[in-house]
Amino acid sequence: MANFRNVPAEPARIPKTGILAPALASAAWRGLVLSHSPEIRPALRVGFGLAIPGAALLLLGQVDLMVYAVFGSVVGMYGRSPHRVQRLKDQALAGTMMLCAGISGIVIAPWGLDGWALLAGGIFWACTSSLAADRYGLKPGGSFFPLFAFGALASLPVGQSPSVAGLAAFVVTALFCIAVGQTATFGAAASGYPGHDPIGWPEALRRAACYASVVMLAGALAIGLHLEHLQWVMAGSVVPLAAGNARGRLGRGLHRVAGTVAGLGVLLGIYHLQLPQLALGLVIIVLMFPTEGYMTRNYGLALSFFTPLIMLMLELADPSVNADVLWERAAGNLLGVLAGIVGAQLFDRKPR
């Protein structure tokens, strides 16, 4: 009889499913990272620019000041140059622009301006920030962020005097983001980078006049219809102007509408969780990462994160906000986008 005692035993079969799932997950994660690699570092830079000051506010129990920190962190969205010195120049200029617009809103907030007075301030900052962005090739271009910072901060209920704590949170966060921008690296610096293309004075002035006309049209329409939340109408109206032609403006406007609607769906989901204020503050910080990560890649998708971020931070700053107010703000934003598309066709026919 044959002796089978020295025959090696057959190794136990390892189920392939136990290895396949982690392998697929790892491959999917690597693919996601590689496909988003150009946006990851800027997203982390902007996200941490809000995360650190925002976490400090949460620890201090100042959740209502998150709105000021968020607008301060917008400075981190500027300055994507691989050249550190150029990045510092861009962020310093953008920081000055954002700080001037935001501080002016903070200072006049106790006056409770609305209607034509608030519209006049919005037109001024739309022109000023458009000129600065065009003359120095700042990206993101246009005047959306400074205009929105002015209108939103000017409309906060702060009582009889400006919010000194809010002013401090706004300024400190903006300066912190500039410092973070200098620590970031973008790989080997090239001779230039996409999108940094300053515009001459004649064209910059023409475009600033177009911004003023579009904001005037949208604001007058909102005032005539007795709509609340004029700041949302003004901010929405300048969004389509960032595109260079009629098709691009329509596409950007549709992205704005779709992103806002999707963002409202995300917001309803967050409300369904009934989170406490501290958790809502953490949600705001987390939402900043994908907002910046998709801002240049997919504007509509970025807005699906940015819309709940903005809504939540304004709600924390004003606890009296209810669902009706949120829907009114969203409606004002969409009206502004429509007015911006129409106004761009009326006042800016020249292709860019």
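Helices here are DSSP runs of H or I, at least four residues long, numbered from the N terminus. With that in hand, hi everyone, and let me walk you through this one. Please keep in mind that we are looking at a predicted model.

Let me begin with confidence. The protein averages a pLDDT of 85, and 83% of the residues score at least 70. The stretch to watch is residues 187–192, where the pLDDT is below 50. Beyond near neighbours in sequence, that stretch has eight contacts in the model. Where pLDDT is low, the predicted coordinates should not be read in detail.

Now to the inside. The largest nonpolar core has 90 residues, and V67, Y68, F71, F145 and M313 have the most contacts inside it. Which helix gives the largest share of this core? That is α12, residues 299–317, with twelve residues. As general background, nonpolar side chains in soluble globular proteins tend to be buried together.

Let's stay with F145 for a moment. Leaving aside residues up to four places away in sequence, F145 touches V74, M77, Y78, M98, P140, M295 and F306. F145 is also one of the buried residues of helix α6, which covers residues 144–154. How many of the residues in α6 are buried? Eleven of eleven, so under the cut-off of 20% relative accessible area, the helix is mostly covered. The buried set runs from F144 through to A154, including P146, F148 and G151.

P140 sits in the loop between α5, residues 115–135, and α6. The peptide bond from K139 to P140 is cis, with omega near 5°.

H226 lies in the loop between α8 (201–224) and α9 (230–237). Its phi is positive, about 60°, although H226 is not a glycine. H226 counts as exposed because its relative accessibility is 69%. Then there is Q274, in the loop between α10 (246–273) and α11 (277–295). Q274 is likewise a residue other than glycine with a positive phi, near 55°. At 69% relative accessibility, Q274 counts as exposed too.

Last stop, the surface. L217, V342, L346 and F347 form a nonpolar patch there, with about 340 Å² of accessible area together. Which helix gives the most to this patch? It is α13, residues 323–347, with three residues. L346 is found in that helix.

That's my tour, and I'm happy to take questions.

Definitions and conventions
Residues are numbered from 1 along each chain as its sequence is written. This is a predicted model: local features need pLDDT of at least 70, side-chain atom pairs count only at pLDDT 80 or more; totals for chains, interfaces and linings use all residues. Side-chain values use heavy atoms; hydrogens and water are left out. pLDDT is the predictor's confidence in each residue, from 0 to 100. Contact means heavy atoms within 4.5 Å. Patches are made of residues with over 30% relative accessible area and no salt bridge: like charges are joined within 9 Å, nonpolar side chains (Val, Leu, Ile, Met, Phe, Trp, Tyr) within 5 Å. Accessible areas come from the Shrake-Rupley method with a 1.4 Å probe; for residues, only the protein chains shown count as cover. A salt bridge is a side-chain nitrogen of Lys or Arg within 4 Å of a carboxyl oxygen of Asp or Glu. Helices (H or I, at least four residues) and strands (E, at least two) are DSSP runs, numbered from the N terminus. A nonpolar core is a set of buried Ala, Val, Leu, Ile, Met, Phe, Trp, Tyr and Cys residues joined through side-chain atoms within 4.5 Å. Buried means under 20% relative accessible area, exposed over 50%, partly exposed in between (1.4 Å probe, protein chains only).
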